[in-house]
Structures are given as C-alpha cells and as structure tokens.
Amino acid sequence: MLPANDKYMHNIADNLNRLHRQIQQIAERAGRDADKIQLLAVSKGQPATAIRTAYELGHQRHFGENYLQEALEKQRALADLTDICWHFIGPLQSNKTRKVAEQFDWVHSVDRYRVAERLNTQRPATRGPLNVCLQVNIDSEASKSGIAVAALPTLAEKIIELPHLNLRGLMCIPRSQPDLQRQRMAFAQLATQLNTLRHSTRLARLDTLSMGMSDDLEAAILEGSTIVRIGTAIFGPRQTPG
Ligand SMILES: *Cc1c(COP(=O)(O)O)cnc(C)c1O
C-alpha cells in the first residue's frame, strides 16, 4: 500500500494522460510546440509488466533504463514489442559499452571520449548510428558524473567525427532544488551551452536537450527541454532501489 499522501497516483494510464496535459500546458505558456517535447518513460526499478502496460495504452514508445543487467532482462521479456525505442540514461563504464551499443537506440550519459569511441566501434552496422547526448555536470558537483562545462566543446568536436554515433545534444541532472526559479537557472545554463556549441558549423545540427524529471518538469520545459525523463510520476515509487 502507498501512503495516503503519496503525491503520485498509481494508475499508469491516468499518469500518462496527466503528464501529456501538463506538457501541453507548460509548452503553451512557454510559446513552444509540445510535439517537440518527447516524454521518455524511465522504467528503472519497475517490472517489465509495467512497461508493457504503458506500451499497450498505445502512444508510449520511448523507455529509459539506468542499469544494464536490469535493462537486458526486461528487453528479453519484451522482445515482442519491436518498436520500443530504448534509451540508456545511467552511468556507463567502458566495460559495459558493447551491450549498450547493441541493444539501445539512445545513450544520454556519455561523458568521456573513451566511452564514445567504444560505443562507435561496437555499434552494429545493421542498426544505424547510435544517438548520444553528452552528460554535463551543470552544478559542478564533485560527486556527480558528467563532463565539466569547460571541457564540453573539445569533447563534442571529437565525438561528432565518429561515424557510428549521432551526437544529438546535452543532458543534465541538476542538484535537487524545490524552487522553480533555481531549477530554471540550471536548465537555462544547459540550454546556453547547447546554443554555444551550435555556433560551430559541425555542431549546428545538435537538437536535443535531455532535461527534466518528475520534480522539475515545468522548469525544464520552460527552458527548452526536448526530452523529459519521467519515472515516478508515471509508474509510482520504484519497486527496486535505484
Ligand atoms: C531515475 C532517473 C530519472 C527519473 O526520475 P523520476 O524522479 O522518477 O522522474 C530521470 N533521469 C535519470 C538520469 C534518472 O536516473
């Protein structure tokens, strides 16, 4: 049983409908086209049956996972759902890149060249380029993964040369902040970094800002997010830690 004051309802259909309404309303306020905002359902800590439920409602096709082993098990259980688009959003060690290159459509958490180079080499030719975002440590927190802002242009210019990767943009997980204005500041910084990169001709087609989670969705959309990564607000509390 969930505590009575749990702020997230437990019904995946209601939750997805509510989120689409919210995204629509926030986009309107921001003068943005809601169709340019992808809802990525973050299913870490949730069983494969929850993913299937979301899928069968008809519209949700993008799912995000953080842990490779857990993701591979669910992908096996859901192998009949061939048009799911899988996003890897968790920390990625060099020794895990092969399976990620083979089994995913997107990686949001690239933060070093060595990982990018391995994903490039290991991407099966039959699957087309792997979409990647660079994870940026936007609050310069010592404990957080992600590349420092100052190192971003050099890394982006190297990764854009890798033929089996399609560098799409930037991702961040800002420090948790209750206040909307403070949330917006971190996301605005990521948006500025993307715009700066786009001044380089080779990086001009970067089009993705992966930012915003259940508790900072509004701030992220107001600042230009193109992929919001939502777990708890769709699926309720996670059933395994993560
Ligand atoms: C878990 C996770 C999310 C989703 O978080 P919620 O607060 O459950 O919406 C989004 N992005 C990343 C990188 C995550 O690890």
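**Spaces and the ligand**

Modeller: Let's begin inside: the largest cavity holds about 40 Å³ of space. This is a predicted model, where local features need pLDDT of at least 70 and side-chain atom pairs count only at pLDDT 80 or more, while totals for chains, interfaces and linings use all residues. Residues are numbered from 1 along each chain as its sequence is written, and side-chain values use heavy atoms, with hydrogens and water left out.

Biologist: How do I read a cavity, and how many of 30 Å³ or more does the structure hold?

Modeller: On a 1 Å grid over the protein atoms alone, a cavity is a set of points where a 1.4 Å probe fits but cannot get out; a pocket is an open set with protein on both sides within 12 Å along at least five of seven lines; lining residues have an atom within 4 Å of a point. Here there is 1 cavity of 30 Å³ or more. Its lining includes Gln 135, Lys 144 and Cys 172.

Biologist: And which residues lie nearest the centre of the largest pocket?

Modeller: Ile 173, Pro 174, Met 213, Asp 216 and Arg 229, out of 31 lining residues. Ile 173 and Pro 174 also line the largest cavity.

Biologist: Where does the ligand sit?

Modeller: In the largest pocket; "sits" means that more than half of its atoms lie within 2 Å of the pocket's grid points.

Biologist: Which residues come nearest to the ligand?

Modeller: A residue is near if one of its heavy atoms lies within 4 Å. Of 13 residues around the ligand, Lys 44, Asn 66, Ser 214, Thr 232 and Arg 238 come nearest.

Biologist: What is the distance from a ligand oxygen to an N or O atom in the side chain of Lys 44?

Modeller: It is 2.7 Å for Lys 44. For the side chain of Asn 66 an N or O atom is 2.7 Å from a ligand oxygen, and for that of Arg 238 the value is 2.8 Å.

Technical notes: A polar contact is a pair of N or O atoms within 3.5 Å; within protein, one must be able to donate a hydrogen and the other to accept it, and residues adjacent in sequence count only if both atoms are side-chain atoms. Grid points are joined across faces, edges and corners, and a volume is the space filled by probe spheres set on the points.
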